[in-house]
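Me: I would like to learn how to read helix faces and charged pairs from a set of coordinates. Could you take me through an example?

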Amino acid sequence: MIHLELTAEEANLLRAVLQAYLDDLRMEISDTENYDLRNELKTMDAFLKDLLRHRLPPAPTTE
């Protein structure tokens with residue numbers, strides 16, 4: 001297993017980059033006609049969503 005240590009700023013930047021990529025990936029999935037490629041993209045989408053939801057620490061709240 002690989003462990004990655006990030007500062008809060010780095011984690012927020014990574015979260016933003018992944019979220020932007022996910023937005024583009026969803027559009028690519030909807031535009032893809034090739035069944036196998038579409039399934040690969042859906043697998044990537046699910047992995048990235050899991051990474052954002054469960055593996056990256058939540059963004060700190062500023063109050």
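Predicted model: local features only at pLDDT ≥ 70, side-chain atom pairs only at ≥ 80, totals over all residues.

Me: Which residues of α2 are buried, and on what do they pack?

Reply: A residue counts as buried when its relative accessible area is under 20%. In α2, which runs over residues 35-55, the buried residues are Leu41, Asp45, Leu48 and Leu52. Because they cover an arc of only 70 degrees around the axis, they sit on the same side of α2, and the buried residues of α2 pack against α1. The other side of α2 carries exposed residues, including Tyr35, Phe47 and Arg53.

Me: What caps the N-terminal end of α2?

Reply: Asn34 does so, with a side-chain oxygen 3.0 Å from the backbone nitrogen of Asp36.

Me: How many salt bridges does the structure hold, and where are they?

Reply: Side chains of opposite charge can pair when their charged atoms come close. The structure holds three salt bridges. In helix α1, Asp23 and Arg26 lie three residues apart, about one turn of the helix, and their side chains meet at 3.0 Å, N to O. In helix α2, Lys49 and Asp45 are four residues apart, again about one turn, and they meet at 2.9 Å, N to O. Arg55 and Asp50 form a salt bridge at 3.4 Å, N to O.

Technical notes: Residues numbered from 1 in each chain as written. Heavy atoms only, no water. Helix = DSSP H or I, 4+ residues; strand = E, 2+ residues; numbered from the N terminus. Expected span 1.5 Å × (residues − 1). Buried < 20%, exposed > 50% of the residue type's maximum accessible area, 1.4 Å probe, protein only. Arc of directions from axis to C-beta. Contact = heavy atoms within 4.5 Å. Polar contact = N/O pair within 3.5 Å; in protein donor to acceptor, adjacent residues only side chain to side chain. Salt bridge = Lys/Arg side-chain N within 4 Å of Asp/Glu carboxyl O.
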